[in-house]
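Hello,

Here is the structure I promised to hand over. Please open it first; my notes follow below.

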Amino acid sequence: MKITRKIIEIDQEKCDGCGNCVPACAEGAIKIIDGKAKVIGDRYCDGLGACIGDCPNGALSIVEREAENFDEKAVEQLLAQTASSEEAVSGCPSAGVQIFSKPAPEQEKNNLTAPKESGKSELGHWPVQIRLIPEGASFLNDADLLIAADCVPVACPDFHRDLLKGRAVMIGCPKFDPREETVNKLARIFKTCSIRRITVAIMDVPCCSALPGMVSKALEKSGTNMMVKQIVVKRNPSGQDARGHQVHGVR
């Protein structure tokens with residue numbers, strides 16, 4: 001049954017497919033399709049506009065038109081279906097969960113095109129951005145977790161070998177990522193996944209210093225008592241070791 005009501009409209013000319021609006025829609029009404037954000041069904045959109053502020057291009061607006069009535073039961077079914085597939089929960093088209101298998105030592109030895117040890121990738125999964133990682137991602141279970149400020153891999157020349165090897169990784173920017181949203185997401189992950197260890201890697205800049213505190217607050221909210229290892233990476237590319245001092249026991 002169609003009625004005249006408020007509903008979200010997405011300007012396809014302004015939309016660049018960034019996907020910010022997708023996780024902002026609690027009902028799951030918005031998906032990225034063919035590189036653009038689209039409302040997948042009128043009945044899934046409540047028309048309240050919680051997603052509007054997350055669009056950097058002003059592509060989202062509330063309009064009043066004839067549309068299917070909002071259907072809470074349909075939304076529940078949609079969310080349940082989405083939760084059953086890790087690949088379906090992300091907003092970015094490139095954020096489907098992938099687990100990368102490592103070659104056996106003998107295979108690696110016989111592979112003449114394999115990179116040298118110093119250039120070897122230790123990335124074991126995708127995605128890596130905190131905002132894009134599903135809270136129930138399998139690679140988080142029983143993980144040795146590295147939470148890194150997103151400038152760290154650029155500044156640390158041996159990031160893969162020294163920091164990433166053997167760890168699941170989540171990266172984000174404590175200056176630009178919404179703090180409360182990030183803390184709440186980390187808290188839910190800490191509560192539902194059996195994280196074994198946490199290492200926090202930050203830069204030697206003031207804005208980065210917020211990240212360990214966010215992790216600590218998330219641990220507190222989740223009711224998890226765990227010591228966190230902190231690593232500070234230097235900005236100075238003078239040829240000296242880029243890694244700075246290490247602090248154990250942030251919490």
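How far is the sulfur of Cys25 from the closest cysteine sulfur, and which residue holds that sulfur? The partner is Cys51, at 5.8 Å, which is too far for a bond. Bear in mind that this is a predicted model.

Cysteines next. A disulfide needs two cysteine sulfur atoms within 2.5 Å. Cys25 itself is buried, at 12% relative accessibility.

Now Thr224. This residue sits in the loop that runs between helix H7 (210–222) and strand E10 (228–233). Is Thr224 buried or exposed? Thr224 is buried, as its relative accessible area is 18%; the cut-off for buried is under 20%. The side chain of Thr224 makes a polar contact of 2.9 Å with the side chain of Ser222.

Last, confidence. Mean pLDDT for the protein is 84. Residues at 70 or more make up 80% of it. Two stretches stay under 50. One is residues 112–116, with two contacts beyond four places in sequence. The other is residues 245–251, where the model has 24 such contacts. Where pLDDT is low, the predicted coordinates should not be read in detail.

Best wishes

Technical notes:
Residues numbered from 1 in each chain as written. Heavy atoms only, no water. Helix = DSSP H or I, 4+ residues; strand = E, 2+ residues; numbered from the N terminus. Buried < 20%, exposed > 50% of the residue type's maximum accessible area, 1.4 Å probe, protein only. Polar contact = N/O pair within 3.5 Å; in protein donor to acceptor, adjacent residues only side chain to side chain. pLDDT = per-residue confidence, 0-100. Contact = heavy atoms within 4.5 Å.
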